[in-house]
Structures are given as C-alpha cells and as structure tokens.
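Here are my notes for you on this one. Keep the picture open while you read.

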Amino acid sequence: MNTQPFHFKVADEVFTITLLEGQSPIVLLPSFGPFLYKEELPANPLFELTLSPTPPASPDEAGYEMIGDFDCGGCIHKIWRKQSDYLIHIYSVTNELACVLKTENGFTRCTASVHGNEENQCFGLNNAIMIVFSFSAAPKGILMIHASVPCTDTKAYLFLGKSGTGKSTHCQLWLKHIEGTELLNDDNPALRILPNGEGTIVYGTPWSGKTPCYRNTQRQLGGILKLQQAPENAIQRMPPVPAMAEVLASCSTMTWDTDTYHHICQSVINIVKQTAVWHLKNLPNEEACRMSHQALTHGN
Amino acid sequence: MKIKSGFTLYDVCGEKVIIAEGAQNLNFQSMINLNETAAFLWEEAAKADFTPETLAQKLTENYDVSLDNALQDVNAMLAEWSKLGLIEA
C-alpha cells in the first residue's frame, strides 16, 4: 500500500506523520499546514507516527497493564502500559473511540489507527500527535502547556487557569485594549527552556482549542498570569512554590511515567526561577486588563 | 523504615518540595513543602533504611541539638510523613 509521509516542525523539532493511501492531510491534519517542513530531514527526528488501517495493538495482549481512565478536557483517554510502551484509546467528546495509539521507544516510534467519521478521526489523530509530541519532547526541556497566549513583537505571556476561568476572555481584553498585542495561541502553546538561564521560548502550535489560531511563530516568554474570577480586581506575585504548582498543573503530564514527569517538573522549576508568575483575581473588564499588563510588563 | 518509591525532593528557588511520581501515587495530588531540617532528614532517609534513632543521630551530627530533642523532632516528623503515606515499615 502506498503511504504518504509528511514532515512538520513544531517548537524547532521535526517529526514525521505517515498517512495511509487515501487519507487526506486536509481532513486529518487541517491545522498543520503552517508547520509543514520541506527542508532536509535531521538525522534524529523527534518522533515518527505511522497510521495503520487496524488498531496497532489490543489491551488484551500479554503484558499490558491498565493505568486508568483519564478525563482530558471532556474526552476520555484509556491508558495501558507494557514496560515503557503505551497503548492509548482516545475517545471523542461524544464518547466514541476516535484513535488507538501505540507508543514505543520513549514515544519516538508510534503507530495509530483512527476511527469513526472524519471529524472523529481528525480529533483522535490530533490528540494522539499532541500526546506523542508532549512526551517525546519532554526530555529536551520542551513543555506543552494549557494557556491562552497574547504577544507583542518580542514577548509572549501565558494566561493560565482551569477551563471556564476566563483565560480566553482576559486574552481578548488584552487584544482589545493593549495596543500592539495579538494572539499567539489560545489553548496549547509549546515552551522550550533554554540552557544557562537564557529564558524560555513560547511557540505557536497546531493545537489551539476552539480558536483557530495555528501560528508558526515564536516569542520570548515575558511572564505568566494565573486567572481567577472574583468580585473585584487584585493582583499579586506568587511565591515560587505555589507558582510552580500552578504552572505544573497547567502542563500536559503523565505522573505515572516517572522519566518524563521528572523532566517536566525540572523544566517547570527552571521557568519559575526565571519568570514572574502573577495571580490575578478579576472581573472581565478593562481595569483588570490594565492591572495585569502593568504587572507583567513593569513588575508591579 | 524506608521512604516509599515515587517521591522526589526538588529544589524550587531554594525551597524544598516533595513531588509524587509513578503509577502507585496517582491519587497523590499535592506537593509537600519541607523546611530545612525536614529536607535534611528526607535526604538522609532516602539514602537507606532508617530508624528514628539513626535519623536522630544524623541530626545531632549536623545541628546543635541534644539526642533527646532530636529524637522528639524526628518522631514528630515521621508521624507526619506516615500520615501522608510517604514512608513504609
């Protein structure tokens, strides 16, 4: 059967997705266009994910141990492990099986099958790629983080908070009231922690939640804002330990995978060492937006 | 006694915290902050099996404290860690 390899570059890492004959990248990978990579392939791409017509493995096979069911933003992931390899069933928000993902060799060699209608298949494959990207990149000091990200010409700011706490709303206030700001990503940017305390880079990714904002661009991390709805506006800088807990809670992690989890914890500590994390209690208004802008850009 | 597997001590800007990792600690939600003495005891306890007495001994070697007082501190600390599920017999 003819296969179609596509190469992409996200957060300065190149990876390959190989679709089956007849599978359309426009349908399955609609947000990946800006990240297509056409130059010479590096010797060691981050990972290779190959589509398979049937599920690449069954949890009934010998050696798989159930880790658990996890709610990942309204959709269920069922996870099994065989030594350091994983089998992950990704369900859609309507609880249909969308993707079966098998990972090997530290998430660098992966196989996946997609199921259901086109929308389901796209959803499943995008989730699978995000998982594989997150965990294959973790040892390189790269993190996927759940955040809304406004940026200026030079800096990007991470707005954190659980779903429904107003990340996107506060981000929209910045875009409206703060001159020179634009949206970098609205859901899942990638971060790369540079060595020697040289700061952190924020990258746009093919994953941006409900807002279609798939920008292949990058900025220096300027600051982090944790949002909480409140009857009045107030802002405070967070001490390092609560700041670390907050940033870690917003990252894609698998606490049961000791190796990647250790890398991610260490990366988060490095971010918190170099970056101010602010806690904004806020109403969805212009005053809150001026307050957070002043803190993030001037440190008070 | 020994420290259960899957707990790692991290240094966050000079503060010491314990974070749980691994499948056996899936339900362990929080990070635990340790003061200087507790972090010292944790590092000693993580090296090998221990008793309250061996830890108290280490404490007296590194801090200006009597063995009786050290043992009291260690027992209080171990009771706390036991309650949090960090150690096993």
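1. Start with helix H1 (residues 36-47) of chain B: it has 12 residues and reaches 17 Å from its first C-alpha to its last, close to the 16 Å expected at 1.5 Å a residue. That expected span is 1.5 Å times one less than the number of residues. Helices (H or I, at least four residues) and strands (E, at least two) are DSSP runs, numbered from the N terminus.

2. This is a predicted model: local features need pLDDT of at least 70 and side-chain atom pairs 80 or more, while totals for chains, interfaces and linings use all residues. Residues count from 1 along each chain as written, chains are lettered from A and ligands numbered from 1 in written order, and side-chain values use heavy atoms, without hydrogens and water.

3. Which residues of H1(B) are buried? They are Ala38(B), Ala39(B), Phe40(B), Leu41(B), Trp42(B), Glu44(B) and Ala45(B); buried means under 20% relative accessible area (1.4 Å probe, protein chains only). Their packing partners in chain B include strand S4 (32-34), helix H2 (52-62) and helix H3 (67-83).

4. At the start of H1(B), look for a side-chain oxygen of Asn35(B), within 3.2 Å of the backbone nitrogen of Thr37(B).

5. Now the other chain: 17 residues of chain A are in contact (heavy atoms within 4.5 Å) with 15 residues of chain B. Between the two chains there are zero salt bridges, a salt bridge being a side-chain nitrogen of Lys or Arg within 4 Å of a carboxyl oxygen of Asp or Glu. On chain B's side, strand S2 (7-12) and strand S3 (15-20) are the elements that give two or more residues.

Terms used. Buried < 20%, exposed > 50% of the residue type's maximum accessible area, 1.4 Å probe, protein only. Polar contact = N/O pair within 3.5 Å; in protein donor to acceptor, adjacent residues only side chain to side chain.
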